[in-house]
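Me: I am new to this structure and would like to get to know it. Could we go through it together, one question at a time?

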Amino acid sequence: MKNIPIGQYMVNEGIITEQQLQHVLDVKKEQNTAGKYFGDYVIELGYVTDIQFGQALAKKLNVPFIDLNDPETIIDVESVRKLPESLAKKHNVIAIKTTGKRLTVATNDPVNFYIFEEIKVMTGMDVVPNLATKDAIVKAIGKNYSMQNTSNILSSVEDQFNEDDLNAIDDESAERIDNAPIVKLATTIVENSFRADATDIHIEPFKTYTRIRIRVNGDLIELMNISNVVHNALVTRLKIISGMNIAEKRVPQDGRFSQVVDGTTLDVRVSNLPMVNGEKVVIRILSTGNVALRKITDLGMTEYNYERFSKLIKVPQGVMLVTGPTGSGKTTTLYAALGELAKPHVNVVTVEDPVEKDIEGINQCQVNAKAGMTFAAALRSILRQDPDIVMIGEMRDQETAEIAIRAAITGHMVLSTLHTNDSASTVTRLVDMGVAPYMVATSLIGIVAQRLVKKICHDCRTPRISTEEENELMGISQSITIYDACGCPKCNNTGYTGRTAIHEILTCTPEMTGLIANGATIDQIAALSKQQGTKLLRDNVSELVQLGNTTIDELVRVTYAV
């Protein structure tokens with residue numbers, strides 16, 4: 001069994017079929033790319049995921065498989081330091097655990113004994129190989145070695161700059177901007193932020209220092225403080241790479257650049273705003289097409305809401321809206337719906353500002369206001385492109401809303417987002433934008449209002465009995481066991497690990513349509529939707545608190561109303 005090729009082994013195990021194996025071998029023979037193995041081709045062709053292939057190979061070679069991307073997997077920092085970064089990158093290995101005189105390493109090539117000999121000579125320890133996927137090792141190397149390098153980069157940058165640089169960037173210091181330390185600093189800030197799963201980076205100038213904070217799970221946490229003498233150079237570096245005017249310091253500017261971190265291409269948006277002590281820069285990190293699309297089953301919906309949502313996207317024509325504040329995961333939900341709807345026999349066209357993810361098989365169009373390519377102009381043109389499904393990034397004005405609703409009435413499925421607090425207020429927002437109530441009523445399929453709540457860390461949460469006031473907030477009559485966030489190394493002492501979405505789904509029944517057409521108020525729409533089975537955001541988050549998945553603090557933060 002051990003001597004048969006991995007492809008044949010996977011067929012014997014029922015992981016791939018004989019036809020798939022033959023196809024992979026034909027492609028491999030045709031391309032014959034140096035350094036590419038059977039595993040690379042079988043993953044590339046989509047027959048298995050990298051984890052499935054890794055597990056099959058580990059089983060065949062009889063070595064343990066380890067998923068380095070799993071939050072449960074703990075990498076020992078002291079063990080990592082036993083191998084120099086250059087060696088780790090050269091052989092794509094990372095040390096993960098030390099047991100006496102044995103060093104456990106993760107590798108994607110567990111039969112390459114030359115690597116283990118080199119590690120043994122360097123460390124004086126016996127090497128125990130574990131198999132991990134190539135991408136997971138690259139990410140782990142980046143994450144675990146980057147923090148060690150940051151302090152070295154910071155000190156070398158600060159050594160180069162003196163007080164003179166505070167006033168202006170002259171020709172001499174402009175040359176310094178392109179030198180290695182400041183370039184490394186800008187790159188390192190984006191890398192470390194991405195590895196910490198941050199969505200935004202804030203570079204804020206103060207009188208005596210510059211603070212760099214990152215937004216993780218919706219909260220700003222401090223990444224580092226740097227000397228204010230470095231601030232001008234760092235801002236200038238970011239302006240250069242994002243295509244801004246470095247001479248203009250009095251007006252806000254916007255730009256963008258892309259950066260590859262651990263094999264993932266990031267689309268980075270930069271916004272610059274003059275402040276009292278210098279220019280503040282906020283960087284938004286957008287995941288690109290490299291990051292897999294979520295399926296609608298991965299959106300964190302309860303079984304009840306999932307059934308309601310599935311029914312909405314089966315309707316052949318009309319408008320479905322996803323609403324919520326900025327950063328509440330609206331676009332992720334829309335993309336998941338599109339992934340479900342985009343079949344080979346339908347024409348799907350999107351208008352976005354900007355296009356956040358490239359989706360295979362979907363026509364995506366980007367708004368460019370300077371060139372006159374507005375949402376409304378793009379939408380008018382799209383309706384002449386024979387679409388079946390149209391996705392509009394955001395309904396920003398009356399013109400866009402009216403065209404979208406007319407498109408829905410004329411037989412198209414339209415998906416879009418809107419910034420409102422709940423599902424009921426979305427209807428009145430459309431009417432306030434100037435769309436006639438009867439048009440809203442005849443075109444609307446349903447509304448999904450959503451928020452993101454932080455998930456409590458199960459390793460350090462502490463149980464207690466809920467108070468009467470908390471029972472009232474959760475809408476229950478008797479006290480139950482709930483959990484408070486505490487903080488441990490696994491959750492970076494925040495008490496929370498990751499976020500999940502909560503949803504409120506309003507469906508347009510005939511009664512609801514009649515109510516909207518007659519110009520109903522928010523309260524009337526909310527009352528009828530609740531009567532027809534809509535579970536409110538408060539009900540959804542209350543359920544999560546009762547299950548021990550989040551805290552009462554999150555319930556208050558997300559849904560509290562006076």
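Reply: Gladly! A residue counts as buried when its relative accessible area is under 20%, and as exposed when that area is over 50%. Please keep in mind that this is a predicted model.

Me: Is P205 buried or exposed?
Reply: P205 is found in strand β4, which covers residues 200–205. Its relative accessible area is 7%, and the cut-off for a buried residue is under 20%. P205 is therefore buried.

Me: Which residues is P205 in contact with, leaving aside its neighbours within four places in sequence?
Reply: Contact here means heavy atoms within 4.5 Å. With those sequence neighbours set aside, the partners of P205 are T210, H231, N277, G278, E279 and K280.

Me: How far apart in space are P205 and V27, C-alpha to C-alpha?
Reply: Along the sequence, 178 residues separate P205 and V27. In space, the distance between their C-alpha atoms is 54 Å.

Me: What about K239: is K239 buried or exposed?
Reply: K239 has its place in helix α11, residues 231–241. Leaving aside neighbours within four places in sequence, K239 touches M244, N245, I246, E248, K249, Q253, N272 and E279. Its relative accessibility is 3%, so K239 counts as buried.

Me: Are α14 and α15 roughly parallel or roughly antiparallel to each other?
Reply: Helix α14 (residues 375–382) packs with helix α15 (residues 398–409) at an angle of about 20°, and their axes are 9 Å apart. Angles under 35 degrees count as roughly parallel. So α14 and α15 are roughly parallel.

Me: How do the residues of the contact of α14 with α15 divide into nonpolar, polar and charged?
Reply: On the α14 side are F375, A376, L379 and R380, which meet E399, T400, I403 and A404 of α15. Sorted by type, the contact of α14 with α15 has five nonpolar, one polar and two charged residues.

Me: And are α19 and α20 roughly parallel or roughly antiparallel?
Reply: Helix α19 (residues 510–517) and helix α20 (residues 522–531) cross at roughly 175°, with axes that come within 11 Å. An angle over 145 degrees counts as roughly antiparallel. That makes α19, relative to α20, roughly antiparallel.

Me: Which residues of α19 and α20 make the contact?
Reply: The contact of α19 with α20 divides into four nonpolar, two polar and one charged residue. From α19 come E511, M512 and L515, and from α20 come Q524, I525, L528 and S529.

Me: What kind of aromatic pair do F113 and F116 form?
Reply: The whole structure holds two aromatic pairs. F113 and F116 lie three residues apart in helix α7 (residues 113–123), about one turn of the helix. Their ring centres are 6.3 Å apart, with 70° between the planes. Planes over 60 degrees apart count as edge-to-face, and the pair of F113 and F116 is edge-to-face.

Me: Where is the place of N62?
Reply: Most residues other than glycine have a negative phi. N62 is not a glycine, yet its phi is positive, about 60°. N62 is also exposed, with a relative accessible area of 63%. Its place is in the loop between α4 (50–61) and α5 (77–80).

Technical notes: Residues are numbered from 1 along each chain as its sequence is written. This is a predicted model: local features need pLDDT of at least 70, side-chain atom pairs count only at pLDDT 80 or more; totals for chains, interfaces and linings use all residues. Side-chain values use heavy atoms; hydrogens and water are left out. Helices (H or I, at least four residues) and strands (E, at least two) are DSSP runs, numbered from the N terminus. Buried means under 20% relative accessible area, exposed over 50%, partly exposed in between (1.4 Å probe, protein chains only). Axes are lines fitted to C-alpha atoms, for helices over the stretch in contact, and angles run from 0 to 180 degrees between N-to-C directions. Angles under 35 degrees count as roughly parallel, over 145 as roughly antiparallel, 65 to 115 as roughly perpendicular and the rest as oblique. Ala, Val, Leu, Ile, Met, Phe, Trp, Tyr, Cys and Pro count as nonpolar, Asp, Glu, Lys and Arg as charged, and the others, Gly among them, as polar. Rings of Phe, Tyr and Trp (its six-membered ring) pair if their centres lie within 6.5 Å; planes under 30 degrees apart count as stacked, over 60 as edge-to-face and the rest as tilted.
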